[in-house]
Amino acid sequence: MVTSLGPVGEAEVTATSSSAASSVKIQVAAGAPANLVNTRESDQVAMAGEMLPEPVSILVTDEDGNPVRGVAVDFYLTASAGQITPQRTVTTVDGLAQTLWTLGSRAGQQLLSGQIKDLPDANISIAALATAGPVASLAATRSATAAAAGDSLAFRVQARDAFKNPIAGLEIAWTAESGSMAAPTTPTDASGTATGEWSSAQAGATIIRATAVGLESLPTEWRIEVVAGTPAIVTAKSATEQIGVPGALAAEPPLIQITDAKGNPIAGVPVTFTVVEGTGQLAGDAAVTDADGVATASSWRWGPESTQSVEATAAGLPALRFTARVEAPLPPKRRR
């Protein structure tokens, strides 16, 4: 009685007695299929929706590890894991069963299983990694439309492929028509989101733009209206010291400008002009700053006192004083 221990192939059994011998050749075949083995040591990687670079290959062996030919192997996919072709294949003379796997649209790990019909314990699970594809969209995640001069705003975009998978590690370029970006480019994180920091000291409209580096055909834009900040500075825009005669009109009525801390003019600020020294008279002693941040009294007529003063005041701001030195006119010279 001879028991084969493998491997599969041709073997020879020889019986000898003294000087006599006799041999017989035996063809050793594999036993019944018992195990399924993944022939790859690491998972394959491809973009979502794409075919793996190499076929999935499963080795079917008997209990002694010999490859078994002619065994039908069925392939199954988990939900959203793509397509396989064919779904059933028969092992070759080397015991291999292969199929082509096109990954599903969802990025991340995807699973395929192989099983021998009527042998529920003979099965295997194989994983593959689906990566996000090329960027197909940049979606804005902030919709700010206004800012105050000097404020800093954060703008965010999310990069996605054609299947809406977030794309990590993509460089996003940031530009601004006015103001400045904290960094010219920033990378997307694991959620596909990149953030750009922007600030501007200048009032007015501007455009913030985000584009994928090397792919300017997919811009995302924000239109921002930068408004002046709170009133902070009062500046005289007419002479603060004048000289004249009693009863005359000031050549330059008191005129001021109100701006924020960045020098942007502020409209709509009430301003009061008040005579604080002398008996001069003002016309238009209450005014409101215009689009240039300017407010003025209509006129200032001086009294007889030698010193005349007017103050311009606005809520929360220091008063600004305008002064005139009034002198009586010299008498006309007599003719001899």
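**Entry 1. Asp 74 and its partner**

I looked up Asp 74 in this predicted model and found that Asp 74 counts as buried, at 10% relative accessibility. Its side chain meets that of Arg 88 in a salt bridge, with 2.5 Å from N to O. Arg 88 lies in strand 8 (residues 88–90) and Asp 74 in strand 6, so the pair ties together parts that are 14 residues apart in sequence. I then checked the accessibility of Arg 88, which at 44% counts as partly exposed.

**Entry 2. Other salt bridges**

I asked how many salt bridges the structure holds. The count is six.

I next took the bridge between Glu 54 and Arg 40, whose closest N and O atoms are 2.8 Å apart. This pair links distant parts of the chain, 14 residues apart: Glu 54 is in the loop between strand 4 (44–47) and strand 5, and Arg 40 is in the loop between strand 3 (35–38) and strand 4. I noted a relative accessible area of 42% for Glu 54, which is partly exposed. Arg 40 is partly exposed as well, with 29%.

I also examined Glu 221 and Arg 209, whose side chains meet in a salt bridge at 2.7 Å, N to O. Glu 221 belongs to strand 20 (residues 215–227) and Arg 209 to strand 19 (residues 204–212); the two are twelve residues apart, and the pair links distant parts of the chain. Glu 221 counts as partly exposed at 44% relative accessibility, and Arg 209 is partly exposed with a relative accessible area of 27%. I recorded one network besides, in which salt bridges that share partners join Glu 277, Glu 311 and Arg 321.

**Entry 3. Aromatic pairs**

In one of them, Phe 155 and Trp 222 are tilted, at 5.1 Å centre to centre and with 55 degrees between the planes. Phe 155 sits in strand 14 (residues 152–160) and Trp 222 in strand 20, so I noted a link between distant parts of the chain, 67 residues apart.

Are Phe 155 and Trp 222 buried or exposed? I found both residues buried.

Another pair, Trp 300 with Trp 302, is edge-to-face, with centres 6.0 Å apart and planes at 85 degrees. Trp 300 is buried with a relative accessible area of 1%, and Trp 302 is buried with 5%. I also traced a cluster in which ring pairs link Phe 155, Trp 174, Trp 198 and Trp 222.

**Entry 4. The largest nonpolar core**

I asked which residues have the most contacts inside the largest nonpolar core. They are Leu 36 and Trp 101, in a core of 22 residues. At least two residues of this core come from each of strand 5 (56–61), strand 6 (72–77), strand 9 (96–102), strand 10 (108–116) and strand 11 (119–131). Strand 11 supplies the largest share, five residues. As general background, I recorded that nonpolar side chains tend to be buried together in soluble globular proteins.

**Entry 5. Overall dimensions**

I compared the radius of gyration of the protein, 45 Å, with the value near 20 Å that a compact globule of 336 residues would have. Along the principal axes, the C-alpha atoms fill a box of roughly 175 × 35 × 30 Å. The secondary structure comprises zero helices and 30 strands.

I found that 34% of the 336 residues count as buried. The protein exposes about 18,900 Å², of which carbon and sulfur atoms supply 52%. For contacts between residues at least 6 apart in sequence, I noted that 55% join residues at least 24 apart.

**Entry 6. Backbone details**

- The peptide bond from Thr 85 to Pro 86 is cis, with omega near -5 degrees; Pro 86 is in the loop between strand 7 (83–85) and strand 8.
- Ser 18 is not a glycine, yet has a positive phi of about 55 degrees. I located Ser 18 in the loop between strand 1 (9–17) and strand 2 (20–28), where Ser 18 counts as exposed at 80% relative accessibility.
- Asp 118, also not a glycine, has a positive phi of about 70 degrees. I placed Asp 118 in the loop between strand 10 and strand 11 and found Asp 118 exposed, with a relative accessible area of 69%.

Definitions and conventions
Residues numbered from 1 in each chain as written. Heavy atoms only, no water. Core = buried A, V, L, I, M, F, W, Y, C linked by side-chain atoms within 4.5 Å. Buried < 20%, exposed > 50% of the residue type's maximum accessible area, 1.4 Å probe, protein only. Helix = DSSP H or I, 4+ residues; strand = E, 2+ residues; numbered from the N terminus. Salt bridge = Lys/Arg side-chain N within 4 Å of Asp/Glu carboxyl O. Phe/Tyr/Trp six-rings, centres within 6.5 Å; stacked < 30°, edge-to-face > 60°. Rg over C-alpha atoms; globule rule 2.2 N^0.38 Å. Contact = heavy atoms within 4.5 Å. Areas by Shrake-Rupley, 256 points an atom, 1.4 Å probe, with all protein chains shown as cover.
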